[in-house]
Each structure stands twice: as C-alpha cells, then as structure tokens.
Amino acid sequence: MSGIIGGAGSKSGVIGPPPAFSASATVPSPNSYITFQTKYVDTHNCFDTSNGIYTAPITGNYYVAFKYNIRGYVTTYIRIDNVSFLQHQTNTAYTSTTSPDVWESMHYGGVVEVKAGQTIRCYMAAFAEHPAWDSGVWNMFSGHYIGMAN
C-alpha cells in the first residue's frame, strides 16, 4: 500500500485513515498464540480473526498494546514475526486462592518499528496450573500506526 495519510503534503505513507486495529479474545489455550475472534477496528483489513495476526500494511512505528484479566501465573508476549519484543509476567496465584473473586487487570504496550508485511500477535505461556482467564471483551489486543520510522 502506498500514498499519503491525510491531506496533501502529509509524509506518512498511506492514503486514508492510519492503519489501526482492535480485537477481543475469549479463553485462550495455555502455551499458545491467542486468537482474537472479535474485531472492533480494522482500518485496512489487516487483522485476521482466525489466528489473531495483524499484518502491517506499511512500514513505520506502531503502538501496540495487550490488555487482559487473569488469575494465575502467566507470561504473555507481543511478538513480531514470532520474535518477542514485549513481555509481561503476572503471578496472581496467591490472590486467586485467598480471594477467588479477585481478578488482576494487566495492560502493557509499546512503540515498535514494523516493516510492511510483518506480523504482530500475542502469545501466552502458562506456568503450573491453567490460569483462570476472564472471557469476553476484557481481553483486548490493539495497535495503530504513529508515523514513519527513522
């Protein structure tokens, strides 16, 4: 995809709205990539709900984020072409055994340079027992283009 975002004179690289996506997931399997089945935003039709993969339409800097509610001990990753660039670890095992109605809400994200055609997706590694994962719209994966890379 080529062209300009926004009006004449813009230097960002694509015609129309900037690339952006937002999707939610139900309960994922431990030690696997997460499939986000429900799309809310997908400005360039680059998010695949069958596998949870976003394919960048243009090269540039993207802000990507993952938000989830959990009880248990997990490490989650945001990966580009299956290589981790963001990692988050949570251990709510003690909280969940002493207060079973308590959920921990985690949100993390960052800016990363992505080349056109590279894929971005989330992975969850569970430790010990299967964590309790809150289903529904509480588990979100999102991102948007913020500008050309240097």
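A charge sits over a ring if NZ of Lys or CZ of Arg is within 6 Å of the ring centre and within 35 degrees of the ring normal. I start with that rule, since I went looking for arginines on tyrosines. The model I am reading is predicted.

**Entry: Arg 121**

I looked up Arg 121 against Tyr 33. Arg 121 lies over the face of Tyr 33, at 3.7 Å from the ring centre. I then placed Arg 121 in the fold. Strand β10, residues 119–126, holds Arg 121.

Which side chain of opposite charge is nearest to Arg 121? I found Asp 48, 8.8 Å away. Arg 121 is buried and has no salt bridge.

I checked the backbone next. The side chain of Arg 121 reaches the backbone oxygen of Asn 51 at 3.4 Å. I also listed what Arg 121 touches beyond four places in sequence. Among the residues are Tyr 33, Asn 51, Gly 52, Ile 53, Tyr 77, Arg 79 and Phe 141.

**Entry: the tyrosines around β10**

I counted 12 aromatic pairs in the model. I took Tyr 33 and Tyr 123 from them. Their ring centres are 5.1 Å apart and the planes stand at 75 degrees, so I noted the pair as edge-to-face. This pair links distant parts of the chain. Tyr 33 is in strand β2 (residues 32–33) and Tyr 123 in strand β10, 90 residues apart.

Are these two tyrosines buried or exposed? Tyr 33 is partly exposed, with a relative accessible area of 23%. Tyr 123 is buried at 16%.

Tyr 123 has a further partner. Tyr 77 and Tyr 123 form a tilted pair, 6.1 Å centre to centre, with 50 degrees between the planes. This pair also links distant parts of the chain: Tyr 77 is in strand β7 (residues 73–80), 46 residues from Tyr 123 in strand β10. Tyr 77 counts as buried, because its relative accessibility is 15% and the cut-off is under 20%.

The charged end of Arg 79 sits over the ring of Tyr 123, 4.3 Å from its centre.

I then noted an aromatic cluster. Phe 21, Phe 36, Phe 47, Tyr 54, Tyr 62, Phe 66, Tyr 68, Tyr 108, Phe 141 and Tyr 145 form one cluster.

**Entry: Val 64**

I picked Val 64 in strand β6, residues 60–71. Val 64 has a relative accessible area of 0%, so I logged Val 64 as buried. I listed its contacts beyond four places in sequence. They include Phe 21, Ile 78, Phe 85, Leu 86, Tyr 108, Gly 109 and Ile 120. Phe 21 and Tyr 108 are also members of the aromatic cluster.

**Entry: salt bridges**

I found two salt bridges in the structure. Lys 39 and Asp 42 meet in one of them, at 3.0 Å, N to O. Lys 39 is partly exposed at 34% relative accessibility. Asp 42 is buried at 18%.

Lys 115 and Glu 113 also meet in a salt bridge, at 4.0 Å, N to O. Lys 115 counts as partly exposed at 48%. Glu 113 counts as partly exposed at 41%.

**Entry: Ala 116**

I moved on to Ala 116. The loop between β9 (104–114) and β10 holds Ala 116. Ala 116 is partly exposed, with a relative accessible area of 43%. Which residues does Ala 116 touch, not counting those up to four places away in sequence? I noted Ala 56, Pro 57, Ile 58 and Thr 59. The C-alpha atoms of Ala 116 and Ala 56 are separated by 5.1 Å, with the residues 60 apart along the chain.

**Entry: whole chain**

The protein has one helix and 12 strands. From the N terminus, I read the order as β-β-β-β-β-β-β-β-α-β-β-β-β. Buried residues make up 46% of the 150 residues. I also looked up contacts with a separation of 6 or more: residues 24 or more positions apart account for 67% of them.

Note on methods:
Residues are numbered from 1 along each chain as its sequence is written. This is a predicted model: local features need pLDDT of at least 70, side-chain atom pairs count only at pLDDT 80 or more; totals for chains, interfaces and linings use all residues. Side-chain values use heavy atoms; hydrogens and water are left out. Helices (H or I, at least four residues) and strands (E, at least two) are DSSP runs, numbered from the N terminus. Buried means under 20% relative accessible area, exposed over 50%, partly exposed in between (1.4 Å probe, protein chains only). Lys and Arg count as positive and Asp and Glu as negative; His and the chain ends are not counted. A polar contact is a pair of N or O atoms within 3.5 Å; within protein, one must be able to donate a hydrogen and the other to accept it, and residues adjacent in sequence count only if both atoms are side-chain atoms. Contact means heavy atoms within 4.5 Å. Rings of Phe, Tyr and Trp (its six-membered ring) pair if their centres lie within 6.5 Å; planes under 30 degrees apart count as stacked, over 60 as edge-to-face and the rest as tilted.
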